[in-house]
Amino acid sequence: MAANVIVIGAGVYGAAVAASLARRGARVVVVEAGLPAHGTSGATFSWTNASAKPAGPYRDLNVAGLAAHRRLAAGAAGAAGATGADWYHGSGNLQWAAAGDDEARQTLRAKVTGLLDDGYDVRWLSRSEAADIEPGIDPAGLPADEIAFFPHEGWVAPERLISYLLSVAAAHGAELLTGDGVAALETSADQVNAVRMASGRTLAAAAVVNCAGPRASVIAELVGLDLPMRNTCGLLVRVSAVAPPVSRVVHAPRVHLRPDGAGGLLMHSPALDEAVRTSDSGPVVADDTAVGRLLEAGRALCPAARNAAVDGIRIGERPIPGDGLPVLGRAADLPNFHFAVSHSGVTLCLHAGGLVADEVLGLDRDEALAPFRFERFRAAPGPAVGAIPS
Ligand SMILES: Cc1cc2nc3c(=O)[nH]c(=O)nc-3n(C[C@H](O)[C@H](O)[C@H](O)COP(=O)(O)OP(=O)(O)OC[C@H]3O[C@@H](n4cnc5c(N)ncnc54)[C@H](O)[C@@H]3O)c2cc1C
């Protein structure tokens with residue numbers, strides 16, 4: 001039986017890694033317990049950003065992630081016979097602090113100053129400038145000034161991105177197996193040899209890439225690696241309007257908004273994520289008032305959303321490694337076992353997935369991946385990154 005690179009999981013990471021590998025001639029099989037994009041990547045705010053990340057290697061990785069999205073979108077739009085990169089919306093991001101909240105204003109000012117020092121593209125808009133580019137927002141909900149505009153950020157439709165990447169992988173010979181989860185990994189000495197599926201099927205493995213998102217620690221455990229995770233859940237509400245009242249990502253004090261395709265508007269507020277509780281049947285919204293409060297905040301900001309109907313409530317589980325940073329690249333003790341696991345995976349998947357694929361193909365990416373190795377969890381724990389965005 002020929003050995004393939006087995007990519008576990010068909011979310012944004014699995015799709016990105018598979019496309020990157022297959023494009024360069026690797027024999028790839030993607031194995032997915034459910035369906036593509038039915039994990040966290042199907043329940044995410046998917047804001048592409050680096051501004052919410054602390055300065056240093058993690059922000060740099062996200063900046064490279066933004067550039068990778070622009071390159072892929074430009075390439076797909078320019079390809080012969082292409083219909084264009086319908087998943088990518090690089091329309092920017094607006095953010096402001098509540099009028100009268102001096103602490104929040106000070107925090108935003110300090111953030112913008114730090115980003116400008118770092119060469120990040122951000123500018124201040126006045127109320128009328130912001131209202132000009134977002135006429136669907138009630139100007140009364142905007143402060144008179146100090147509205148930060150991040151022109152190179154945006155959002156991605158993850159299902160469309162995954163579908164595009166998987167089709168690229170398939171065009172280069174990759175196989176996708178769905179509805180069958182990985183149950184065991186067979187190892188000998190210092191390598192993984194095969195993947196055993198829940199169905200009983202066994203796949204010979206030249207290498208394995210762990211793209212199992214919030215379940216990445218379960219896969220790691222199958223080869224005896226202890227990957228600490230501190231996953232959290234988030235609540236997203238989609239409403240449908242005749243036309244989406246905003247045309248870009250908006251971070252207002254009480255609600256975060258973005259268009260969601262086909263007239264949809266997606267709403268999120270970190271303050272309401274605590275309404276989600278884990279039950280025997282999985283995560284549920286335990287506080288009945290949370291959806292109403294989110295809607296009320298969105299409708300107050302966007303008059304056009306006042307008559308919009310709720311057409312989806314999504315709960316997503318953020319895959320967050322123990323210290324908040326991504327876990328990327330080969331495992332030192334098991335060099336043909338690779339990780340591609342992180343929060344902010346929508347932003348990072350193309351660039352980080354490409355680096356992981358490089359290592360699968362035998363290239364040395366230590367310079368880029370050293371801060372994100374699994375092995376850091378075996379040393380004394382480092383400081384966790386601060387607030388987890390979105
Ligand atoms: C509320 C919320 C808001 C977010 N906002 C943002 C944001 O604004 N910007 C951003 O960049 N990121 C954001 N994220 C994070 C981002 O969505 C995730 O980092 C990303 O989607 C993770 O993708 P993934 O491919 O690693 O995981 P997933 O999409 O979960 O894919 C993993 C796949 O592995 C499969 N799987 C699991 N176990 C097995 C097994 N044993 N065998 C086979 N298959 C298996 C699952 O079925 C799943 O399909 C947000 C997340 C949430 C929840």
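Q: In what order do the strands of the open sheet of 8 strands come?
A: In this predicted model, the order is S6-S7-S5-S14-S15-S16-S13-S19, and the pairing is mixed.

Q: Which strands stand at the edges of it?
A: Strand S6 (123-125) and strand S19 (309-318) are the edge strands. Each has a single partner strand, so one side of each is left without a neighbour in the sheet.

Q: By how much are neighbouring strands of this sheet turned against each other?
A: On average they are turned by 25°, with direction ignored.

Q: Back to S6: how many bridges join it to strand S7?
A: There are 3 bridges between S6 and strand S7 (residues 147-150), and the two strands run antiparallel. As one example, Arg123 has Phe149 in S7 as its bridge partner.

Q: Now the helices. Which strands does helix H3 touch?
A: Helix H3 (residues 102-117) packs on the sheet and touches strand S5 (93-95), S6 and S7. The direction of H3 makes about 35° with that of S7.

Q: And which strands does helix H7 lie across?
A: Helix H7 (residues 289-301) lies across strand S13 (232-240), strand S14 (249-251), strand S15 (256-259), strand S16 (264-268) and S19. H7 runs at about 50° to S13.

Q: Next topic: what is the order of the open sheet that 3 strands form?
A: That order is S3-S8-S4, with antiparallel pairing. Strand S3 (47-48) and strand S4 (88-89) are the edge strands, each pairing on one side only.

Q: What joins S4 to strand S8?
A: S4 and strand S8 (residues 154-156) run antiparallel and are joined by 2 bridges. His89 stands opposite Trp155 in S8.

Conventions
Residues are numbered from 1 along each chain as its sequence is written. This is a predicted model: local features need pLDDT of at least 70, side-chain atom pairs count only at pLDDT 80 or more; totals for chains, interfaces and linings use all residues. Side-chain values use heavy atoms; hydrogens and water are left out. Two strands pair if DSSP finds at least two bridges between them. Helices (H or I, at least four residues) and strands (E, at least two) are DSSP runs, numbered from the N terminus. Axes are lines fitted to C-alpha atoms, for helices over the stretch in contact, and angles run from 0 to 180 degrees between N-to-C directions. Contact means heavy atoms within 4.5 Å.
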